[in-house]
Amino acid sequence: MTFNCFSLRPFAVLVAFFSAMLSMSVTAMAAPGTSVVISQVYGGGGNSGATYTNDFIEIFNPTQSTVSLAGWSVQYASSTGGSWQTTPLPSISLQPGEYALIQEAVGSAGTTPLPTPDATGTIAMSATAGKIALVSSISALTGSCPTSDPNLLDFVGFGTAANCSLGSPTATLSNTTAAIRTNVCANTNNNNADFKALAPAPHNTAAPLAACAPSTTSAPPTVTGLAAPASAFTGDPILLTATVVPGTLPASTGIQVSGNLSTIGGSASQSFYDDGTHGDVTAGDNIFSFAGTTSTTGSFALPVTVTDSQLRSGSGSIALTVTSPPPFVTIGTIQANKPSTYATQTVMTSGIVIGVKSNGFYLEAKNADTNPATPEGILVYTASTVLPSFVQVGAEVQVTGKVNTFPATGLIRGTEIDGPQTFTLLSTGNPLPAPVQITAAMDSPSGPITQFSRCEGMRVAISSVTTTSGTDASLNESVETNTSNGQFYGVVTGVPRPFREPGIGVTDTVFGPVPAGVPIWDANPELLNFDSLAFGAPAINLTSNATLTDVVGVMDMSYGSPQILIDKATRPTVTGLMAPVPVPVQAPNEFTVASFNMERFYNDVVDADNPGSSVVKVTTAAYQRRLAKGSLAIRNILNFPDILGVQEIENINVLTDLANKISSDATAAGQADPVYLPYLFLASDGTGINTGMLVKSTRVTTVKAEQLGRNTTFTNAGGNQAVLNDRTPLVLHVGIKRGGGQPDYPVTVISVHQRSLINVDDPTSTGATVRLKREAQAEYLATLIQGYQAGGEHVVTVGDYNAFEFSDGFVDSLGMITGNPVNPTQVVTPPVAGLVNPPLVDLVTLLPAAERQSYVETGSAQVLDHVVVTSDLVPTETRMVYAHIDSDFPLVNLNDATSPTRISDHDPVVAYFVVPPAPTVEGTVQLITTSVLNKVSGAYQAVVTVKNTGTGTAQAVQLTGATLGGASASVIPQIIGNIAPGGSAAVVVTFPATAGASGAAAVEGLSGTFTGATFGANLRVRLP
């Protein structure tokens, strides 16, 4: 057995390794009584039963000197978390014996405010368990147990669930107890011993000083030992350190440390060094070190002794476990099978570091084999572990760890090396492996979904990429601001843009076995995701259809799909960014109907009309920015559509504000004011989003607006009745103004927002209910449209159908709505056929395939927003255009109030229809209206007869109004149709009992329209 600092490789290499390990493992805590300490922690503020309204942290100066808090902070993480929230401390000088109080988050309960705080933060602390750090920096700590951070001054793990503490954590706290340091003048660096769970008693700088008396007792030096790593393999470099707290009265001089290393083959009196040699990092810091290796296996407690020139001594021990190393396995061998045959085994491997990110790094084999099907790279996943400083691009590193498959399920599964890991530097400055060149032939739309697995963990290069999405981002919704995550999708230039296709995605393995007749979509295996941010370079924010030349990066598979992490040093060139293009201006003989999902459009006030919903109150600046972007989009891109169906609008106030913003902006820009009239009815969606419409009153006459299906239910998977239309259809009966004294052209417009595809693949009752609901909504809408169509109405439905123009394999929504469902064997939820006759037309099916896009999902273009019309509205002149201002643009464009792009994730659509000339009526029309009243249960029923005593046919006759004694009838309007000369037609309407008492006299008012004119009568009647 040997223990020799030169036994493995050159000493300089060992020093680099040991320096990194020391920064990871040494607890850089101040000696007791020599630093400001955390004296009290309370996280139950404002909770039920609490006295104080706020959480707080209290610190105390036990030293004999004034201490400045400038540049310091207190920080909090959850009991097992590694994300640290920071409250900077003010630039005050804390006197000996003085407290400082840091107030944190407020709760809804509690009766007593804290004493005046010396600092204020917003951290919401756990009432029971967590971690608090006092740090001589305002930079957030990293990792779940950062006790080795050199800026750490004190640390408290409170509650037994805390995974990090000094010594043991404190007792678990509650809404009525705080962790209180029982002796603020003594610090044993054991949280459990130093703190008790007591009623909170906060002190601020105004509290009486509690100065600690200087010590009058001589104290010997103490020593604490540590091995880095504490668990090692034979042959691994090991750094042994002994941290000394010098003795006092008098202060220690001539400190020396030795260790008995005989049990691991070393000297029984091995000296440790504090002079920057033998693995010591910083000379003179009272951390004594010795570096070496061992070939002995076992668990050891190595004795260490400290002595000083004052003839005092102290002792401690170093815990070390040494085991035999795992077998060395090449990366290619680990990656030879999927999942790897080495999964769950601990192995040793090595390679060149080709990329380093926040939670790991990539190794590629230095001497790869020639098998093109076997990946020669691998991810070393380190999570929050602090990496040694030598893990840099170009370093040759040996790694020991456990092979794992991630994700655990799915068709595309990455292989990685997980912790606990050990890292050894073998060499530096190595040239990087030549990247695999990915060509258009390799990026095959007809290839297997796993076609890029052969490049996993390796450097790859693409000479030219065409993007298929804008750059993604994360949203802070309250301020409506996106922060780029640098990720986008693309294909090798020359490969056609991928579109969603019919059927269930091949990657949708959650649902389970798919019925035999249901088509399977290949999920577009040609798609590649790119991450421009992962390796620490700035994010690349771009649009779809852009070109990136000379892309170099690392192929990752750890998210269940191929992703290229773009090199930090080699950045691609970006050209050909998209710009928003206005839709065509409508011709004088056309009218336009548009649809726009405006994505969770909330305002800056708390509205009482959405109780219990998750509506987000946004800032005024954010709301005004969204109004400005909406106005730009509707005016300058959609060219003021005559009727605009909108989805995901909070309430009528938002839609009114948008209409007013459009008017004021149009006037300021010298455009004609459309004088949009807003229509919206509240429904029951849990996020408070509703369907609405804007009607250009300068061009359109609104006859009637109505909300339908508010109380309609369906039978869910549990056999219970549930709300069908969380976002109800909005129906408008309008007239398109022809001008010149001609009658309006009647159109019925419906704005819809159907149930989303979320959880449609869930194999449980949750997914079954989603599928049943989507099916029932399609049936309801089809039946509604058919009713209007049967009455001779021209119907246009617009909206976010949350469905494709083809079957998604689970529910054929558009097939049922248009009257053309697929065969029941080709869909999981069998459709109902024959609900609409003649069939409706989904206008997107008239567009070329390349233009069928209103949405982008994981890089695939698709249509969710449709315009569905009765067949009479589809002459050859009808056209439809998607305005690409959202789905192709980077999400950060939401932040720009001067751009109409990225106000939403959906592209709006505009459909153009020719207004037919007014029909010519031969002869004269004279309509006489009579009525017969009858008493029915709880109401009065009227049989209204309309007779044409003229010489011409009355066309498109409707009864549009009926009142009795001030009460309105239902159902109105009533479609009557055409009445020939001498002919008559009757309809039945019902008046409520509130029209009057039986026998009373009343006036029955009747009114209606027909092509070219109106008719009506006021009849004096006696109630039966």
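The model is predicted, with local features needing pLDDT of at least 70 and side-chain atom pairs counting only at pLDDT 80 or more, while totals for chains, interfaces and linings use all residues. Residues are numbered from 1 along each chain as its sequence is written, and side-chain values use heavy atoms, with hydrogens and water left out.

The overall picture comes first. The secondary structure of the chain amounts to seven helices and 60 strands, where helices (H or I, at least four residues) and strands (E, at least two) are DSSP runs numbered from the N terminus. Along the principal axes, the C-alpha atoms fill a box of roughly 130 × 75 × 60 Å. Of the 1024 residues in the chain, 52% are buried; buried means under 20% relative accessible area, exposed over 50%, and partly exposed in between, with a 1.4 Å probe and protein chains only. Contacts (heavy atoms within 4.5 Å) were also sorted by sequence separation: among those between residues at least 6 apart, 70% join residues at least 24 apart.

Turning to the cysteines, the count comes to two disulfides, each being a pair of cysteine sulfur atoms within 2.5 Å. One of them joins Cys-145 to Cys-164, with an S to S distance of 2.0 Å. This link is right-handed, with 65° about the S-S bond. Cys-145 sits in the loop between strand 9 (130-135) and strand 10 (152-158), and Cys-164 in the loop between strand 10 and strand 11 (178-181), so the pair ties together parts that are 19 residues apart in sequence. Cys-145 is partly exposed at 39% relative accessibility, whereas Cys-164 is buried at 2%.

Cys-185 and Cys-212 form a disulfide as well, at 1.9 Å from S to S. Here the torsion about the S-S bond is about -85°, so the disulfide is left-handed. Because Cys-185 lies in the loop between strand 11 and helix 2 (191-194) and Cys-212 in the loop between strand 12 (195-198) and strand 13 (222-228), the pair ties together parts that are 27 residues apart in sequence. Cys-185 is partly exposed, at 34% relative accessibility, and Cys-212 is buried, at 7%. With the bonded cysteines numbered in sequence order, the pairing reads 1-2, 3-4.

Next comes a helix pair. Helix 4 (residues 620-637) packs against helix 5 (residues 652-668) at an angle of about 60°, with the axes 9 Å apart; axes are lines fitted to C-alpha atoms, for helices over the stretch in contact, and angles run from 0 to 180 degrees between N-to-C directions. That makes helix 4 oblique to helix 5, given that angles under 35 degrees count as roughly parallel, over 145 as roughly antiparallel, 65 to 115 as roughly perpendicular and the rest as oblique.

Finally, Phe-591 belongs to strand 37 (residues 590-601) and is buried, at 0% relative accessibility. Beyond its neighbours within four places in sequence, Phe-591 is in contact with residues including Arg-699, Tyr-745, Phe-913 and Val-915. From C-alpha to C-alpha, Phe-591 and Asn-54 are 60 Å apart in space, and in sequence they are 537 residues apart.
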